[in-house]
Amino acid sequence: MNKVTGACLCGAVTFELKKEFQQFHLCHCKQCQKISGSAHVSNLFTRPENICWLTGVDQVKRFDVPGRSISNVFCQDCGSSVPYVSASGKALIVPAGSLNEAPDMTPQDNIFWAERAEWYDAGLCSEHFDGFPQ
């Protein structure tokens with residue numbers, strides 16, 4: 001299939017995209033840590049017109065970080081990140097975790113690596129569980 005679907009956590013916002021991604025970055029900058037509440041964001045980049053909103057576009061809220069070309073775009077009901085057009089208008093940025101199926105590429109790189117969370121490297125070496133530890 002040459003398309004993928006996506007949604008927010010509550011399912012109010014749904015969308016469809018062609019699998020035409022050009023870039024896939026894991027961004028570790030301080031702003032992306034704040035936006036995600038985690039160590040990094042996982043963003044795919046495609047053409048701005050490569051999206052068909054199926055439901056809930058009226059539920060999408062946008063916050064542009066002052067003085068930066070960074071935005072936080074999310075479902076105003078559940079807070080989940082959803083796709084958005086970059087401030088420059090040149091790319092559609094798609095949070096990889098918002099997709100229901102796998103994209104046609106894997107992450108190319110880790111950007112802003114020097115800003116990564118101090119605890120990130122230790123987390124990679126921590127014990128792994130399929131669910132909560134017993």
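In which order do the strands of the open sheet of 3 strands stand?

**View 1. The open sheet of 3 strands.** The order is 1-2-5, and the pairing is antiparallel. This is a predicted model: local features need pLDDT of at least 70, side-chain atom pairs count only at pLDDT 80 or more, and totals for chains, interfaces and linings use all residues. Residues are numbered from 1 along each chain as its sequence is written, and side-chain values use heavy atoms, with hydrogens and water left out. Strands are DSSP runs of E with at least two residues, and helices are runs of H or I with at least four, both numbered from the N terminus. Two strands pair if DSSP finds at least two bridges between them. Strand 1 (3-7) and strand 5 (52-55) are the edge strands, each pairing on one side only. On average, neighbouring strands here are turned by 25 degrees against each other, direction ignored. The axes are lines fitted to C-alpha atoms.

**View 2. Strand 2 against strand 5.** Strand 2 (residues 14-18) and strand 5 run antiparallel, joined by 3 bridges. Glu 16 stands opposite Cys 52 in strand 5.

View 3. A disulfide is a pair of cysteine sulfur atoms within 2.5 Å. The count comes to 0. For Cys 52, the nearest cysteine sulfur is that of Cys 8, 16 Å away. Cys 52 is partly exposed, with a relative accessible area of 38%. For Cys 75, the sulfur of Cys 8 is also the nearest, at 3.8 Å. Cys 75 is buried, at 1%. Buried means under 20% relative accessible area, exposed over 50%, partly exposed in between (1.4 Å probe, protein chains only).

View 4. Strands 3 and 4 run antiparallel, joined by 5 bridges. Phe 24 stands opposite Leu 44 in strand 4.

**View 5. The largest pocket.** Its volume is about 640 Å³. A pocket is an open set of points on a 1 Å grid over the protein atoms alone, where a 1.4 Å probe fits, with protein on both sides within 12 Å along at least five of seven lines; lining residues have an atom within 4 Å of a point. The volume is the space filled by probe spheres set on the points. Of 34 lining residues, Cys 32, Val 41, Asn 43, Tyr 84 and Ile 93 are the closest to the centre. Strand 4 gives the largest share of the lining, 4 residues.

Notes: Axes fitted to C-alpha atoms, helices over the stretch in contact; angles between N-to-C directions.
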